[in-house]
Amino acid sequence: MFETAAQAIALLARIRPVPSERDAERPRPGEFVEGARYAARRPDLIGSYLADLAATVFALPTALFPFLAEGLDATWALGLPYSAGAAGSLIAAATGGWTERVHRHGRPVVLSTALVGAATAAAAFAPGLWTVLLCLVVAGGAHWIGDTFRSAIWNRSIPDEFRGRSAGLEMLIGSAGPALGDLRAGGLAARQGIRAALRTGGLLCFGSAAALSAAIPALWRYDQRAHRVEPTTEPAAEPSVEPTP
């Protein structure tokens, strides 16, 4: 193990910075704030962030899986709930060729969030292990679809000068959402039970998707064809060739 880590460090040390193709500003402490200000000017972008938070905070409660397996008398299958979401993502990715034909990216973001919530709530009523796993597979696949279209919105409509600044906000949401979701699910399960925590979280996620579509219509109407980012650099002019005398 030590040899493997030493080899990885040695290889990383040999990596050299990739030179930028064009002049870029040096990083500044206030860039994160600038990215947040840019996002605040775009309701569709804010809606995509909130949809991601709704899915990770209210649904997909990984902290409950050990207790859920114990309640189902299936402690031997504890690894299956953890891998069910990944299996759903794999299935969605393998059959996701249709995503390139969708231009209104905001709609699948909202609908996938609603499906994540519905599948999580359905898991609360599932009678046995395999039904619960099926619900978690559906939730994982729906979350993959939402992530795909959220990433398309972020990567294809944010100008280059704000791309890195917005990435910091995206990373903050991506890391804080699941942690807050586990805290919410664990606290609610301690007071009301595992099934109640699943049911409440799923319904809150589903309701959040409905509320987002009503409160932020720009997200529901988002059309990628109207939000293409134009290149910020002009193409190099072809050298002129003077006629020979």
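Where is the place of aspartate 73? I found aspartate 73 in the loop between α4 and α5 (79-94). I note at the outset that this is a predicted model.

**Entry 1**

I looked up phi for aspartate 73 and read a value near 55°, which is positive in a residue other than glycine. Most residues other than glycine have a negative phi. I then checked accessibility: aspartate 73 has a relative accessibility of 69%, over the 50% cut-off, so I logged aspartate 73 as exposed.

I also looked at leucine 60, where phi is near 55°, again a positive value in a non-glycine residue. Leucine 60 sits in the loop between α3 and α4 (65-71). Its relative accessible area is 24%, which lies between the 20% and 50% limits, so I put leucine 60 down as partly exposed.

**Entry 2: nonpolar cores**

I went to the largest nonpolar core next and found 22 residues in it. Nonpolar side chains tend to be buried together in soluble globular proteins. Which residues touch the most other members of this core? I listed Leu45, Tyr49, Ile153, Trp154 and Ile158. The elements giving two or more residues to the core are α2 (31-40), α3 (43-58), α6 (106-125), α7 (129-157), α8 (160-192) and α9 (194-215). The largest share comes from α7, with four residues.

**Entry 3: α3 against α6**

At what angle do α3 and α6 pack? I read about 10°, with the axes 9 Å apart. On the α3 side I found Ala51, Ala54 and Ala55, which meet Val109, Thr113 and Val116 in α6. Sorting the residues of this contact gave me five nonpolar, one polar and no charged.

**Entry 4: cysteines**

I searched for disulfides. A disulfide is a covalent bond between the sulfur atoms of two cysteines. With a cut-off of 2.5 Å between the sulfur atoms, my count came to zero.

Buried or exposed: which applies to cysteine 205? Cysteine 205 has 0% relative accessibility and counts as buried.

Conventions
Residues numbered from 1 in each chain as written. Predicted model: local features only at pLDDT ≥ 70, side-chain atom pairs only at ≥ 80, totals over all residues. Heavy atoms only, no water. Core = buried A, V, L, I, M, F, W, Y, C linked by side-chain atoms within 4.5 Å. Buried < 20%, exposed > 50% of the residue type's maximum accessible area, 1.4 Å probe, protein only. Axes fitted to C-alpha atoms, helices over the stretch in contact; angles between N-to-C directions. Contact = heavy atoms within 4.5 Å. Nonpolar A, V, L, I, M, F, W, Y, C, P; charged D, E, K, R; others polar.
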